[in-house]
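This briefing is for a reader new to the structure. Look first at the sequence and the model, then read the points below.

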Amino acid sequence: NVLDRAEKRRASIWLDTISAFFYCFPSGESGANLILRRLQMEQISDHGPYEKRIGNVLIFKYLTANERSEFLKESELLRCEAGEKIIGQDEINSCIFALAEGEMNISAKKPGANDVVLCSVREGEVVGESAIFMTVKATASVVCTKPSVVVKIHRKSVIDYFRHRPHAGNKILMLIVYSLLDKLRTANIELANEKQSVINLDDIDQYVQDTIMAV
């Protein structure tokens, strides 16, 4: 099992290396930096101490212990330090990342402006779900804000798991879709709030009644 994980780790780095040589990202990060960043993340070979936390991750929550164990064989468990970037804006991402321990921020950068933190990712949440369905550039960066343990799952591994374990795969797929819909709902609420007037019209009416009309 240790040898299998080592082979998968080398395969993962090889895939990242290929991506790095073919892309130089508008975010300013070179392919070489991407390779270095991936190599710096420490892989955890013993999942045992983290099994309970991993079991609390949304997409694993309704799997049996055996289903989860089989799925994790095709995944990587990474230990990341504060400040380590999990996903870089404008990178081609083909992985889902699940936060088992720690905290991460999602931020976006516009040309000529600083990064703007959009939201925080807390234990049990996942990012990069759209990588399962399409190959696109990431629209934001994901960075650890404190030491964290992250489950990295390649799209190919997810598809293979769906093929060989359709019942468990359906549960994972439904939870991935749920996660995406929940994020869309949250984004719609935030957009609606932004469009609302900063000044409440009822407050203005009350102000008129209390002050101007009283003069």
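Which residue forms a salt bridge with Asp182? Arg185 does, with the closest N and O atoms 3.0 Å apart. A salt bridge is a side-chain nitrogen of Lys or Arg within 4 Å of a carboxyl oxygen of Asp or Glu. This is a predicted model, in which local features need pLDDT of at least 70 and side-chain atom pairs count only at pLDDT 80 or more, while totals for chains, interfaces and linings use all residues. Residues are numbered from 1 along each chain as its sequence is written, and side-chain values use heavy atoms, with hydrogens and water left out.

**Salt bridges**

- A search of the whole structure finds eight salt bridges.
- Arg185 and Asp182 both lie in helix H6, three residues apart, or about one turn of the helix. Helices (H or I, at least four residues) and strands (E, at least two) are DSSP runs, numbered from the N terminus.
- The side chains of Lys183 and Glu129 also meet in a salt bridge (2.9 Å, N to O). This pair links distant parts of the chain, with Lys183 in helix H6 and Glu129 in the loop between E8 and E9, 54 residues apart.
- Glu129 counts as buried at 2% relative accessibility, and Lys183 counts as partly exposed at 35%. Buried means under 20% relative accessible area, exposed over 50%, and partly exposed in between (1.4 Å probe, protein chains only).
- Arg53, Glu101 and Glu123 are linked in a network of salt bridges.

**Largest pocket**

- The largest pocket has a volume of about 1200 Å³. The volume is the space filled by probe spheres set on grid points, which are joined across faces, edges and corners.
- A pocket is an open set of points on a 1 Å grid over the protein atoms alone, where a 1.4 Å probe fits, with protein on both sides within 12 Å along at least five of seven lines; lining residues have an atom within 4 Å of a point.
- Its lining has 34 residues, and those nearest the centre are Ile106, Leu118, Cys119, Glu129 and Lys183.
- H6 supplies the largest share of the lining, 11 residues.

**Aromatic residues**

- Phe60, Phe71 and Tyr161 form one aromatic cluster.
- Phe71 and Tyr161 are both buried.

Conventions
Rings of Phe, Tyr and Trp (its six-membered ring) pair if their centres lie within 6.5 Å; planes under 30 degrees apart count as stacked, over 60 as edge-to-face and the rest as tilted.
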